[in-house]
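Let's take a friendly walk through a protein model, one piece at a time. Have the sequence and the 3D view ready as you read.

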Amino acid sequence: MTEIVGEVEFIHPYGRGFLIYTDKEWKRGIVKLEESALEIIDEEKIRIPLDYVLSIDKSINLPVLKEGRAFLLVEYINIRKRENVYLLVSGESNFIRRLRFHVLKNIVKKQKIMYRIGEKWYPGIMNVENNVVVISGLKGVKINVKDIMNIERKKIEYGFRKIGVISIDYIEEEKKNLAIFVEPIKRMFFWQILYQVVEDYINNEIIGGLSNLEKMVLHLINKEWEYEDIKRKLELKDEELGEIVEKFVRHGIVRKIIILKLTEKGKRAITFMGEEEFE
């Protein structure tokens, strides 16, 4: 396991139940992630078993941060007091993003899942390593993030009822589908880590290699601009924009953006590239 240790500012408890504290002062301390627990160490030690974590980065009111810093908001249950508590951690953006990923990873890899390949279901676990989603079980699956075409939450027929799953379409010689079922209270953790691994792949492996002009075109596509508007904004000719778009399609960049946008409106913004690319 990769041990994550770093200096952070934190507020604990940030909230109890539905009461959110916004007037507490930040403290300085060391955050340490172990395989089964998250620790914050200052004068005392706060230890949060990952089994007790209820949510990561829940949508609640948060204080304003300095530029270049980010949040990690962990909601967990205090077993002794039988109440929900928040730990709010702030640190350098890249470190917090890495910490968040590994917190999710450690939670996810301990959860039993059921996964469907074709028409058959198998028990197993999920892990993420080096841009590869690994499903371990009777029939294992490895999916490279660059081959993921679509991720969505949906309901599917299971016997005489419908169940909620995370559905992943990917390419492995031909188009395939994997459906992951996990108990609802833990499902969001799986969704969040899959979302982040795709987003990190885009940022680290793709966008870093684009020119400034290509990044601007990609930014406008992501902002749902239409084809003609992009040409006018950047004063591009048809063939110039066409070459850039062809590069995006070749590397699957726009498809990855669609995965992250997850809206029909987002899909309509790139229809000029050809509907067959996204079927």
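Through how many residues does a hairpin join S11 to S12? The hairpin joins S11 to S12 through 3 residues. Names such as these come from DSSP runs, numbered from the N terminus: a helix is a run of H or I with at least four residues, and a strand is a run of E with at least two.

Before going further, note that this is a predicted model, in which local features need pLDDT of at least 70 and side-chain atom pairs count only at pLDDT 80 or more, while totals for chains, interfaces and linings use all residues. Residues are numbered from 1 along each chain as its sequence is written, and side-chain values use heavy atoms, with hydrogens and water left out.

## The overall picture

The protein has 7 helices and 15 strands. Of its 279 residues, 44% are buried. Here buried means under 20% relative accessible area, exposed means over 50%, and partly exposed is in between (1.4 Å probe, protein chains only). A contact means heavy atoms within 4.5 Å. Among the contacts in the protein with a separation of 6 or more, 52% are between residues 24 or more positions apart.

## The open sheet

Seven strands form an open sheet in the order S12-S11-S10-S9-S15-S14-S13, with antiparallel pairing. Two strands pair if DSSP finds at least two bridges between them. At the edges are strand S12 (141-144) and strand S13 (148-158), each of which pairs on one side only. From one strand to the next, the twist averages 35°. Helix H2 (residues 184-206) packs on this sheet and touches strand S9 (113-117), strand S10 (120-129), strand S11 (132-137), S13, S14 and S15. The direction of H2 makes about 160° with that of S13; for such angles, axes are lines fitted to C-alpha atoms, for helices over the stretch in contact, and angles run from 0 to 180 degrees between N-to-C directions.

| Strand pair | Bridges |
|---|---|
| S3 and S4 | 4 bridges |
| S10 and S11 | 6 bridges |
| S11 and S12 | 4 bridges |
| S14 and S15 | 7 bridges |

Gly 124 has Gly 137 in S11 as its bridge partner, and Val 134 stands opposite Lys 142 in S12. Ile 171 stands opposite Lys 175 in S15. The hairpin of S10 and S11 has 2 residues between the strands, and Asn 130 takes a positive phi near 50° there.

Glu 172 is partly exposed, with a relative accessible area of 36%. Glu 172 and Ile 143 are 29 residues apart in sequence, and their C-alpha atoms are 8.2 Å apart in space.

## Another hairpin

Strand S3 (residues 27-33) and strand S4 (residues 37-41) run antiparallel. A hairpin of 3 residues joins S3 to S4, and Val 31 has Ile 40 in S4 as its bridge partner.

## Two helices that meet

Two packed helices are described by the angle between their axes and the distance between the axes. For helix H3 (residues 212-222) and helix H4 (residues 227-234), the axes come within 10 Å and cross at roughly 140°. That angle makes H3 oblique to H4; angles under 35 degrees count as roughly parallel, over 145 as roughly antiparallel, 65 to 115 as roughly perpendicular and the rest as oblique. On the H3 side, the contact is made by Leu 213, Met 216, Val 217, Leu 220 and Ile 221, and on the H4 side by Ile 230, Lys 233 and Leu 234.

Which bond is cis, with omega near -5°? The peptide bond from His 12 to Pro 13 is, and Pro 13 lies in strand S1 (residues 4-16).

Asp 57 is not a glycine, yet it has a positive phi of about 55°. Asp 57 sits in the loop between strand S6 (53-56) and strand S7 (69-78) and is partly exposed at 29% relative accessibility. Glu 173 also has a positive phi, near 70°, in a residue other than glycine. The loop between strand S14 (161-172) and strand S15 (174-181) holds Glu 173, which is exposed at 87% relative accessibility.

Leaving out residues up to four places away in sequence, Lys 105 touches Asn 127, Val 128, Glu 129 and Ile 193.
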